[in-house]
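Please look over the chain shown here.

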Amino acid sequence: MQRALGIVGLVLVAGAAVGCGGDATGMVPVGGASGGSELEQRAYIVSRDHAELTVIDLRTRAIIGRLDTGGVANHMAELSSDFAKIYVTSSDTDQLIVIDSATLTITKKLALGKHPTHLTAAPGGLLAIMIEDENAISFVDTATDTVKKTLPGFFTPHFMRFSRDGRTGYVANIGAYHLTRIDMDRLEIAGHLPLAGHEGPPRHSPARDEGGFADAQIDREGRLFAAHHATGRVLVHDTITDRALPELQVGDGPWVVFAEHPFANVPLRHLVPTFGDRKITLIDGAAAKITATLPGDEEAYGVNFSSRAPGRAFVMNRMRQDVAVVDTARGDVVARIAVGGNTETASTTADGSLIVAAVSGADRVVLIDPASGTIAKSFDGVGRYPWSVTIPRGQNYCH
């Protein structure tokens, strides 16, 4: 039996939330009178070293629920299209945990293949779940919470993104030199996008330590950018015209080109942290060219944007234990926000008003006001090693 700590009429655990300038107030019951709109104003925090899922109400800025999922090494959460269900991958039990959003109760545990990690809401009411140790992707029907199809043929699939029309998926293989293209109507592999010089049959990358593609993000103009960790090259592809564009050479050990977010007023300036040389490369997305290089960090797994600060980007510096504020027009760091621990990932709310960042080593979550570049509130005691953040319609990603 699963132990639910977050239920209707839930009570905030004493000392769980520590605000800036006051304690947590304004508690609201889960599934209150506001219905669906209430479900849109939440942040879901998955802890890596604890089974807890933590729920923050972003209107009241209070923790409103904690659920013991029973998972082990939980990795990431995703939501159904109506936000009525929460899906959490339990990597070490090879399961997908299905949770009712209104009551925060577990409704199902679905067996998957070995080591499920990242999951993405896919067209047609599906979830695409990366089954890394089986080089496969499972597509789950969110209407029935059953596996519709498990598709093999990948090279440690790490993340999946979708074309604007939803008919094509792009899978980042972290163990190879290519992306895999998926026909979403047939749920079949439709081809590959290789780095130049690797156009032969798809094969595993000889590079150790996740040397391939961690993500393949698509900006609002339909241009895909994917950084290859071992070679320092960025694959660029126009997904609308299905045309390869010239590759870019960035620094040593790039992780992800952060290009995908929901903010129409943010300029097309994409950031890619490079770990080996501790740099950040700034890419003009419209021209698909590099415009600046600025100081970075040994590990920076996240970059967030906001419609409230459209000319700035917020870089989660894991080793520096701060968030660097980058002026994307000038190409320099204009401020640093100390967070008191190593940052891992973050999500920005759909209206751009808050960036919710996991400060993992401190078991803390901070709410950053991007307009002022300050911490609006901090929550301590958020599980053990809060790992990923998911917000309805927000800028969501993972490691």
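## A hairpin

Ser138 has Thr150 in E11 as its bridge partner. The model is predicted. Strand E10 covers residues 136–141, and strand E11 covers residues 146–152. The two run antiparallel and are joined by 6 bridges.

E10 and E11 form a hairpin. Between them lie 4 residues. Asp145 sits in the turn and has a positive phi of about 55°.

## A four-stranded sheet

Another part of the chain forms an open sheet of 4 strands. The order is E4-E5-E6-E7, and the pairing is antiparallel. Strand E4 (74–79) and strand E7 (105–111) are the edges, each pairing on one side only. On average, neighbouring strands of this sheet are turned by 25° against each other, direction ignored.

Gln95 stands opposite Ala111 of E7. In general, strands of a sheet pair through backbone hydrogen bonds, either parallel or antiparallel.

## Asn304

Asn304 belongs to strand E23, residues 302–304. Is Asn304 buried or exposed? Its relative accessibility is 0%, so Asn304 counts as buried; the cut-off for buried is under 20%.

One is with Thr348, at 3.0 Å. Another is with Tyr397, at 2.6 Å. Setting aside neighbours within four places in sequence, Asn304 is in contact with Ala313, Phe314, Met316, Ala346, Ser347, Thr348, Ile355, Gln395 and Tyr397.

## Asn396

Asn396 lies in the segment after strand E31 (386–390). Its relative accessibility is 19%, so Asn396 also counts as buried; again the limit is under 20%.

Which side chain does Asn396 join through a polar contact of 2.6 Å? The partner is the side chain of Ser347. The side chain of Asn396 also reaches the backbone oxygen of Ile391, at 2.9 Å. Not counting residues up to four places away in sequence, Asn396 touches Arg161, Ser347, Val389, Thr390 and Ile391.

Ser347 links the two sites: Ser347 is among the contacts of Asn304 and is also touched by Asn396. Gly302 lies in the residue range of strand E23.

## The chain as a whole

The chain has 399 residues, and buried residues make up 58% of them. DSSP runs give 1 helix and 31 strands. Take the contacts between residues at least 6 apart in sequence: 47% of these join residues at least 24 apart.

The chain exposes about 14,400 Å². Carbon and sulfur atoms supply 48% of that area.

## Confidence

The average pLDDT of the chain is 90. A score of at least 70 is reached by 89% of the residues. Over residues 1–36 the pLDDT is below 50. Beyond near neighbours in sequence, this stretch has 74 contacts in the model. Where pLDDT is low, the predicted coordinates should not be read in detail.

Key:
Residues numbered from 1 in each chain as written. Predicted model: local features only at pLDDT ≥ 70, side-chain atom pairs only at ≥ 80, totals over all residues. Heavy atoms only, no water. Pairing = 2+ DSSP bridges. Axes fitted to C-alpha atoms, helices over the stretch in contact; angles between N-to-C directions. Buried < 20%, exposed > 50% of the residue type's maximum accessible area, 1.4 Å probe, protein only. Contact = heavy atoms within 4.5 Å. Polar contact = N/O pair within 3.5 Å; in protein donor to acceptor, adjacent residues only side chain to side chain. pLDDT = per-residue confidence, 0-100. Areas by Shrake-Rupley, 256 points an atom, 1.4 Å probe, with all protein chains shown as cover.
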